Structures are given as structure tokens and as C-alpha cells.
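Hi there,

Here is the structure we talked about, handed over for you to browse. My notes on what turned up follow below.

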Amino acid sequence: METKKLKKEKNKLVIAISSRALFNLDLSHQIFKDEGIKAYAKHQQENENVILDPGVGFTLVKKLLQLNSKKTPIDVILLSRNSADTGLRIFNSIEHYGLNISRAAFTRGESTHPFVGAFEADLFLSSNYNDVQKALQSGYAAASIVESKSNNSHPSQLRIAFDGDAVIFSDESERIFQEQGLEAFHENEKRSENIELKAGPFKSFLVSLQKIQSTFPEENNPIRTALVTARSAPSHKRVIHTMREWGIRIDESFFLGGLEKGIFLREFAADIFFDDQQQHCNSASQYVPTGHVPSGIKNI
């Protein structure tokens, strides 16, 4: 699916995140699944002054908000399936951690994805797989948060890593690999090395992120990006050509030729990594916060 074309030029980066992606709501969610909405609401009300632990997306949000300024405006929106009543605990936790989040939508069980576009979000992070799928189908960058076993992020610099095919780029080349095999894939990439790849769902987010990044000097920049892909030589040439054509700078690139990505992401110390394949997400989540992007042929 073609990613949504950028709307009118806006001067800020907007991130939409669900409450379960921002905070650890595992216990509350288990009560909801086992005992139902009334028991869940009672639990949240009785514990509304008990501060929630950070979730998988917390560090990413905290670092983004630390970069927020008049020169580099960044807005984080809370999109929650809670009601405003049961969501009070979430806002108490937001206030406790000093997160500058003032805008929210509480849908009381309804899907949150329609509000991704209403808030003009560049990125949507959620633990609800269906909401993420619908946001992607509408042309927005979106990822389903994967339960992470570790948070090995850089102590101060914001670091974001991306897979290539079906994430930054379309899945056009991945389809050839899946349907015709590795040899056909390499032949196609060699033949097309000077033809730029089509945009994937995360191109527009990467463009918006780079606008923020480019306002700072290259040396000691507070944002660092990485491409972590299963591609290897010679298929790397088309990726480099595409990035040049798009005018996008990626700070670090890893062409791994099928090696496990997790260890490299650990060394990069990503605050989050985005990949379309569940197996790569499972590997990565052992080392860094991870978002599964359910787009492309591997998710049909």
C-alpha cells in the first residue's frame, strides 16, 4: 500500500501513543481479560494514585519531549481505549514522571486509529494490533509494541533504528524474494540498482524526524538513526541510491545478509527498532524496545 502523501507542511513532529505502549499495564490488562470491564474499572479507580511503571515506549517519549522547543516542536498525544474516568491513573502517572503530554483521546473501548489522522500524527505506537493495522491501511506510520525483555538504550542520545523493505521502503523487492527466491531477488536489485525504491509506511516519519535532527549540528547531534537490514552486497546499492534520491541521511547502516539483528541493535543501543517481520522483532526485543510493523507480504 502506498504511504499517505504528506499533507500541508506542518512545523512539528507528532507522536501518538497508547497508554499500554507508554506504561506497563500488564496487570490491569490481565484483570480486564479475566474479570471484565467492571473489575478493570474498579481496579484502576482504587489504584489511581499508584504510579505505573514505564512501558516499552516510555524512554522514546521521554527523550522526544526533552527535545521539544520552539525551534524543534514535538507533540506527544495519548490515544487510549480507556474512558476518561479509568484513564485518570494514566494522567497521574504522566504528571508524576514530568512528561509534557496535554492532549489525549479516550475512546472507552472503541478503536483509536481514526484519531491518528485527526491529530496529524507522524507515528502511532500501540499495543493493539488491530488499531495499528488500520492506521497502516490508512497510510500512517504505525507499529505494534512488542513486549521487551530489556531496555539497553543510550543514556542521553535519542536512537531510532529501522528495517528497510516494507518499513522505510515498499515491499516490492521483498515480494520477489518471497515468491521467486534469493537469486531472483539479487538479479532484480542488480538490474534496478539505479532505480529508487518506492516509499514504505515509515518514509514520512523518517523525513519528519530528519527535519528535527537537521536543526542540530552533525557533531554531538541529540538524534541518531540506523538502518538495520537483512540485505547484503550487491543489493545494498539500490538502498543507498534511494536514500540519496530522497535526500535522507541515515547515520549508521548495517547490511547483515541474514544475520540475527538483535546483537547489532544492542550495540547501537536503540530506543526503538521497527521491523515488519515478527521473527526479527522477537530477536530484537531481547535487547531493545521494538515495534512490529504489520505491513508487506510477510504480514498478509
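Let me start with Asp251, which is partly exposed at a relative accessible area of 23%. Its side chain meets that of Arg249 in a salt bridge, at 3.1 Å from N to O. Arg249 also counts as partly exposed, with 29% relative accessibility. Please keep in mind that this is a predicted model.

In total the structure holds 15 salt bridges. Another one joins Glu172 and Arg238, whose closest N and O atoms are 3.4 Å apart. Glu172 belongs to helix H8 and Arg238 to helix H11, so this pair ties together parts that lie 66 residues apart in sequence. Arg238 counts as buried because its relative accessibility is 4%, under the 20% cut-off, while Glu172 is partly exposed at 24%. Both residues take part in a network of salt bridges that also links Asp165, Glu189 and Arg231.

Helix H8 spans residues 172-180, and its buried residues are Ser173, Glu174 and Ile176. Seen down the helix axis, they fall within an arc of 155°, so they line one face of H8. Their cover includes helix H9 (182-191) and helix H11 (236-246). After H8 comes Gly181, with a positive phi near 100°.

S7 (residues 223-229) and S8 (residues 252-255) run parallel and are joined by four bridges. Ala226, for instance, has Glu252 in S8 as its bridge partner.

Happy browsing!

Notes
Residues are numbered from 1 along each chain as its sequence is written. This is a predicted model: local features need pLDDT of at least 70, side-chain atom pairs count only at pLDDT 80 or more; totals for chains, interfaces and linings use all residues. Side-chain values use heavy atoms; hydrogens and water are left out. Buried means under 20% relative accessible area, exposed over 50%, partly exposed in between (1.4 Å probe, protein chains only). Helices (H or I, at least four residues) and strands (E, at least two) are DSSP runs, numbered from the N terminus. The arc is that of the directions from the helix axis to the C-beta atoms. Contact means heavy atoms within 4.5 Å. Two strands pair if DSSP finds at least two bridges between them. A salt bridge is a side-chain nitrogen of Lys or Arg within 4 Å of a carboxyl oxygen of Asp or Glu.
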